[in-house]
Amino acid sequence: MEILQLTISGIALGCIYALIALGFVLIYKATETVNFAQGEFMMLGAFAGVVLTMLGLPLLLAVPLTVAGMAGFGMLVERLAIRPILGQPQFTVVMLTIGMGYVMRGLITMVPGIGAGTHTLPVPYQGMVWRTGGLVLSVEQVAVIGVTAALCAVLYLVFRYSRIGVAMQASSQNQLAAYYMGIPVRRLNGLVWGLSASVAAIAGLLLAPITFVHASMGMLGLKAFPAAVVGGFGSLPGAIVGGLVIGVVESLAGFYLPEGFKDVAAYVVVLVMLVIKPNGLFGENLRKKV
Amino acid sequence: MRFLFKTDYRQDLSLARHSGHVFWYGLLLVCLLIAPGWASSYWIAQLGFVLIYAIAGLGLMVLSGYTGLLSIGHAAFLGVGAYAQAWLTSHGVPFVPALLAAGALSALAGVVVGLPALRVKGIYLAIATLAFGLIVEEVLARWDSVTGGNAGLPVAAPQLFGYVLEGPVAFYYLALAVCLLATLAVLNLLRSATGRAFIAIRDSEISAQSMGIHLARYKTLSFALSAALVGIAGALYAHKLRYISPEQFGIAQSIDLLLLVVVGGLGSVHGAFLGAIFLIVMPQTIVLAKDFLPPAIAQASGLQALVYGTVLMAFVLFEPLGLYGRWCKIRTYLELFPFYRQGMFRRQKAFQRSERLK
């Protein structure tokens, strides 16, 4: 029973990692760049939600506004910062997004009255628990798991059936060929950044009731890298599975192993994974040709 | 404009390419040697930090700037060197052997990280080094019996041939000597066959391999040499601060080191020094600027992060060759005076550099 309880809380945590990792993978598949500021996108999303509810908006209005706003923000970032250096070595984009993360974290602390403190997002299900048998389920965790599952289903349907989703798949497989087929690859890249920012915002909004919202909560994004690598960096289902694996491992390590292992469990897993199977669980095994 | 006529084989071998180099670098060295005579002890202490960061920057430059491998966990090597030095000197090992041992131990750690690096590249390598850096930080915090845990560890003043080097001036000369040796070593390394192999790997792994360069060996070697230099810098850092604790060697420090090489200019030895100066001067400039800013901004805890991030973004977007690249442009402009063209240093776009094969 104990192990089941730990697994469920691990899955709930893993869902957050999975959503952030999903953002990495979306961007990586589309533009072959990695966004090190994904955690900060999540932080911004959580703050946007907090600010909107503070202004008196009901939660049902604040959430869609936040998600839409972050989508716009993601597209803006792509247009202003990423597109000018497209085609440069990966190092460049990594440094750029690290800088971007720093800037966002710094700017948030400067917002008077909000940035310095910690906040909570008031949700109707705050602190509620369900008891079934010997299990104690907090509704917050169930909400995280449920929303993640629903979001995955929506994304699956979009990529499978909608015109724009199919175009995104095509451009992630071969940009040049997609371009020749008349797909507006640049505009799609912008959309992908928007999509990934809004997924990060959802992760932030889900995390907000569980932990506090503060300026350095984006550090959680560092834990999502292992998730993306374990699943294979180029695979969307891989990101979800990787996130869940990391979440459960961390939750179990925190209980059964000595203190300190919880924080590094994710990184140990990723190092082992890189040595054994560098392409991840779901990654395609590709070799570069000359 | 200067034309180089080589009339002697020794000209090919000497480090200084022409008399201008000899004059200017000689002048710089003399200025540094007599610096304690005219600068206040505060600035000497800061200069000591610049020299230490320059050594660490040289280390990361060998790896990132010349071999093209990205590392987001280099503060871990700084930590390994610092703690090794602290532990060894507290157990009675003299300064020089301890320094060499700290470098060697750090190099060993570098080989360990280098092993997964042989199979992965690009972003995977960045994440592997990030994971390594975070694990080392946690180990430093938890291994109480050796590292003193989160409480930290006091470090004695360096002791050299029976003399205790107290005070910033003595330490400054020590750091200057080590830094000079490190710089000469790196300069010689880069013009040797090994250094050329590193540069070949950076420019194209496949062509390097085709030319008979053993990728695994040279990548591991690059990691080891880089880690050794950073470890030596860490050892000096421990003596400089006299007190070390794990959070000094975390992700923030790693990103500071990356900032150093990017701002200084990737792929140049000068860049390591310019970047080190930047890294030391920047926080003080921010402190000075605080008086002129509105209190909401000046009191915010994230002010330094904001400035660092902005500088990093600005350099990546507008001056990818860093401070040294800017200096090269100015020099070329002056040398060619009316004939300088805008596009002389334009970046080539490399859209074909896809990591995928489809």
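1. Reading from the N terminus, the order is α-α-α-α-β-β-α-α-α-α-α-α-α.

2. A word on what you're looking at: this is a predicted model, where local features need pLDDT of at least 70, side-chain atom pairs count only at pLDDT 80 or more, and totals for chains, interfaces and linings use all residues. Residues are numbered from 1 along each chain as its sequence is written, and chains are lettered from A, ligands numbered from 1, in the order in which they are written.

3. On overall shape, the C-alpha trace of chain A spans about 60 × 45 × 35 Å along its principal axes. As for burial, 51% of the 290 residues of chain A count as buried, meaning that 20 or more other C-beta atoms, placed from the backbone, lie within 10 Å of the residue's own.

4. Now the contacts, which need C-beta atoms, placed from the backbone, within 7 Å. Within chain A, 74% of the contacts with a separation of 6 or more come from residues 24 or more positions apart.

5. Between the chains, 50 residues of chain A are in contact with 46 residues of chain B. On the chain A side, α4 (90-109), α9 (221-231) and α11 (261-276) each supply at least two residues. The most come from α4(A), with 16 residues.

Methods:
Contact = placed C-beta atoms within 7 Å. Helix = DSSP H or I, 4+ residues; strand = E, 2+ residues; numbered from the N terminus. Buried ≥ 20, exposed ≤ 12 C-beta atoms within 10 Å, placed from the backbone.
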